[in-house]
Amino acid sequence: MRAQATNAIVFHEHGDAEVLKWERLELPPPGRGEVQLRHSAIGVNFIDIYDRSGLYPRALPEIPGREAAGVVVALGAGVRGFKLGQRVAYVLGAAGAYCEQRNIPARHLVKLPAAISDEQAAALMLKGLTAEYLLRRTYRVRPGAQVLIHAAAGGVGSLLTQWARALGAKVMGIVGSEAKLEVAKRQGCHQVLLAGRDDIVESVRRFTRGKMAEVVYDSVGKDTFKESLDCLRPRGMMVSFGNASGPPPAIAPLELARRGSLFLTRPSLFDYIAQRDELEAAARAMFALVRARKLRVHVGQRYALADAAQAHRDLEMRRTVGATVLVPGSAASRA
Ligand code: NDP
């Protein structure tokens, strides 16, 4: 097999969305243990923005993107368990997904059940597996648990909300605009609060009849961190898992004691799927929920792969709802 050409989004410097360039690259044949994939759908995530902006510095040049779905078009030496034409998907700790075709170690791939479309998979691998570990392993949400979820109409937030409901939780969601109130409600929030309009702490107090939340899932970071702590009951769990508004401030351990022996964690998906059996078990649980119609994948926006910069701008400007997907070889624009 000879090297061939593929198109990709590349950035050569950190910066705003303008640094994302559409380039033609040479793709070598797959190496030992690798398969070559032709992407059919690529997930866009806030982490792609951290990579691009330099909040999470990358070695340059870099192709952004951590999750995608596609079909196997070539097998490297020593690959077992995959065949040509097979539909697969992945989420990776390393970037490189915003391209038409790529090589990837087979150990990162999961086979797609017939019931899961490529687009659903591209919207689920990073965001859905994040919901899985946050709700089942970072903090074990049990029936009746009173949970607070930030950005509840977003990519991760939509799935977190639905999955929390599937576990029997009582869910309060927070959104940033009137238009997103209804979206978050549809995902299953019992109550939706509007940031900037509602008194979040008092609303949580009323909803929980004074007990406060037992766990807060905060992906917004800088703007909401302190208030999230105020929403917790003694011995509650603060899950700070993102920086959409910037990284949260430093906090002294004594501050956690003062607020009632709180727990604080700053988890990352990649530490929860580092082992192959963890990845497979989490993906199985996620696909089963989709098949059972307890988890609906809401793709709110689609863009042609070449339009990735516009997808980044919309995500950064809080203009998106649900998941955002890039489609290679299409003229797709906003859904
Ligand atoms: P979202 O679709 O949730 O988009 C981010 C949302 O955050 C916005 O739509 C907006 O919702 C809200 N937001 C609040 N303040 C700001 C701000 N100043 N700028 C931009 N957005 C803001 O993105 P993703 O689903 O891709 O990711 C959600 C979060 O989860 C991110 O913080 C990401 O880093 C984190 N994450 C963490 C993982 C982990 O393992 N630690 C794994 C995956 C994601 P609204 O308008 O309703 O306020």
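This is a predicted model: local features need pLDDT of at least 70, side-chain atom pairs count only at pLDDT 80 or more; totals for chains, interfaces and linings use all residues.
Q: Into which domains is the protein chain divided?
A: The chain is divided into domain 1, made up of 4-125 and 298-327, and domain 2, covering 128-270.

Q: And what separates their centres?
A: Taken over C-alpha atoms, the centres of domain 1 and domain 2 are 28 Å apart.

Q: How many residues are in contact between the two?
A: In domain 1, 18 residues are in contact with 18 residues of domain 2. The two domains bury about 1,200 Å² between them, and 60% of that area lies on carbon and sulfur atoms.

Q: Which residues of domain 1 lose the most area there?
A: Those are Leu124, His298 and Arg318, which together account for 29% of what the domain 1 side buries.

Q: How many salt bridges across that interface?
A: The rule finds 0 salt bridges between domain 1 and domain 2.

Q: Turning to pockets, what volume does the largest one have?
A: Its volume is about 1,200 Å³. The lining comprises 49 residues, and Phe46, Tyr50, Ala151, Ser219 and Ala244 are the closest to the pocket centre.

Q: Which elements give two or more residues to that lining?
A: The helices are helix 1 (46-53), helix 3 (127-138), helix 4 (155-166), helix 9 (269-272) and helix 11 (308-316). The strands are strand 9 (170-175) and strand 15 (323-327).

Q: From which domains does the lining draw at least three residues?
A: The lining of the largest pocket draws at least three residues from each of domain 1 and domain 2.

Q: What is the lining like by class?
A: It has 23 nonpolar, 18 polar and 8 charged residues.

Methods. Residues are numbered from 1 along each chain as its sequence is written. Side-chain values use heavy atoms; hydrogens and water are left out. On a 1 Å grid over the protein atoms alone, a cavity is a set of points where a 1.4 Å probe fits but cannot get out, and a pocket is an open set with protein on both sides within 12 Å along at least five of seven lines; lining residues have an atom within 4 Å of a point. Grid points are joined across faces, edges and corners, and a volume is the space filled by probe spheres set on the points. Helices (H or I, at least four residues) and strands (E, at least two) are DSSP runs, numbered from the N terminus. Ala, Val, Leu, Ile, Met, Phe, Trp, Tyr, Cys and Pro count as nonpolar, Asp, Glu, Lys and Arg as charged, and the others, Gly among them, as polar. Domain bounds come from an automatic or database domain assignment. Contact means heavy atoms within 4.5 Å. Buried area is the accessible area (1.4 Å probe) that two parts lose on being put together, summed over both. A salt bridge is a side-chain nitrogen of Lys or Arg within 4 Å of a carboxyl oxygen of Asp or Glu.
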